[in-house]
Amino acid sequence: KLHQMSIHNFRGIHDASWNLFPYNLLVGPNNAGKSTVIDAKGFLENDGFKYKVDRDGPFVAPIDTESWAELEFALTEAEDESLKEEYRLPDKRLRLRKYFKSSDTTKDGTIFAYA
């Protein structure tokens with residue numbers, strides 16, 4: 001079950017995290033970042049999305065050189081036990097981070113699972 005989402009240096013979002021629930025609603029005025037959140041999730045879920053710096057890079061001076069989105073999942077007992085020990089987090093969580101841009105270019109476009 002998807003539990004949390006984080007975005008870093010993607011379009012107008014410098015650094016944000018929020019908890020997710022079975023039902024979520026994004027509400028805000030025009031240019032508040034609603035589409036940015038949906039697009040970042042789409043980049044994570046679909047390799048058909050291509051990151052383009054002129055469209056998807058930070059709109060203002062970035063915090064650092066990395067741009068990524070991350071999903072954190074709450075796992076069942078069976079899912080948690082199926083993971084390698086190095087990927088296990090407290091409270092049966094799994095984090096997946098996709099780097100859109102990094103100073104380490106080997107990370108660009110790569111999804112990492114980590115603890």
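## Basis

The model is predicted: local features need pLDDT of at least 70, side-chain atom pairs count only at pLDDT 80 or more, and totals for chains, interfaces and linings use all residues. Residues are numbered from 1 along each chain as its sequence is written, and side-chain values use heavy atoms, with hydrogens and water left out.

## Strands

Helices (H or I, at least four residues) and strands (E, at least two) are DSSP runs, numbered from the N terminus. Two strands pair if DSSP finds at least two bridges between them.

Strand 1 covers residues 2-10, and strand 2 covers residues 13-19. The two run antiparallel, joined by 6 bridges. Ile-7 has Ala-16 of strand 2 as its bridge partner. His-8 has Asp-15 of strand 2 as its bridge partner.

Strand 1 also pairs with strand 3 (residues 67-74). Here too the strands run antiparallel, with 6 bridges. His-8 stands opposite Trp-68 in strand 3. His-8 therefore has a partner in strand 2, Asp-15, and one in strand 3, Trp-68, given that strands pair through at least two DSSP bridges.

How far apart are the C-alpha atoms of Asp-15 and Trp-68? They are separated by 9.6 Å, although the residues are 53 apart along the chain. Asp-15 is found in strand 2. Its relative accessibility is 51%, so Asp-15 counts as exposed. The scale is simple: buried means under 20% relative accessible area, exposed over 50%, and partly exposed in between (1.4 Å probe, protein chains only).

Trp-68 has another neighbour. Arg-97 lies over its ring face, at 3.6 Å from the ring centre. Such a contact requires NZ of Lys or CZ of Arg within 6 Å of the ring centre and within 35 degrees of the ring normal.

## Turns and positive phi

Most residues other than glycine have a negative phi. Two residues here have a positive one.

Strand 1 and strand 2 form a hairpin with 2 residues between them. Arg-11 lies in the loop between these strands. It has a positive phi of about 55° although it is not a glycine. Arg-11 counts as buried because its relative accessibility is 11%.

Lys-92 lies in the loop between helix 3 (77-82) and strand 4. Its phi is also positive, about 55°, and Lys-92 is not a glycine. Lys-92 is partly exposed, with a relative accessible area of 31%.

Arg-55 lies in helix 2. At 39% relative accessibility, Arg-55 counts as partly exposed. Arg-55 and Lys-92 are 37 residues apart in sequence and 36 Å apart in space, C-alpha to C-alpha.

## Aromatic pairs

A search of the whole structure finds 4 aromatic pairs. Rings of Phe, Tyr and Trp (its six-membered ring) pair if their centres lie within 6.5 Å; planes under 30 degrees apart count as stacked, over 60 as edge-to-face and the rest as tilted. Two of the pairs are set out below.

| Pair | Type | Centre to centre | Angle between planes |
|---|---|---|---|
| Phe-10 and Tyr-51 | tilted | 6.5 Å | 35° |
| Tyr-99 and Phe-112 | edge-to-face | 5.6 Å | 85° |

Phe-10 is buried because its relative accessibility is 0%. Ring pairs link Phe-10, Tyr-51 and Phe-100 into a cluster.

Phe-112 is partly exposed, at 32%.

## The largest pocket

Rolling a probe the size of a water molecule over the atoms shows where empty space is left. On a 1 Å grid over the protein atoms alone, a pocket is an open set of points where a 1.4 Å probe fits, with protein on both sides within 12 Å along at least five of seven lines; lining residues have an atom within 4 Å of a point. Grid points are joined across faces, edges and corners, and a volume is the space filled by probe spheres set on the points.

The largest pocket has a volume of about 190 Å³. Its lining includes Gly-12, Ile-13, Asn-30, Lys-34 and Phe-59. Helix 1 (residues 34-45) gives the most to this lining, with 3 residues. By class, the lining has 3 nonpolar, 6 polar and 1 charged residues. Ala, Val, Leu, Ile, Met, Phe, Trp, Tyr, Cys and Pro count as nonpolar, Asp, Glu, Lys and Arg as charged, and the others, Gly among them, as polar.
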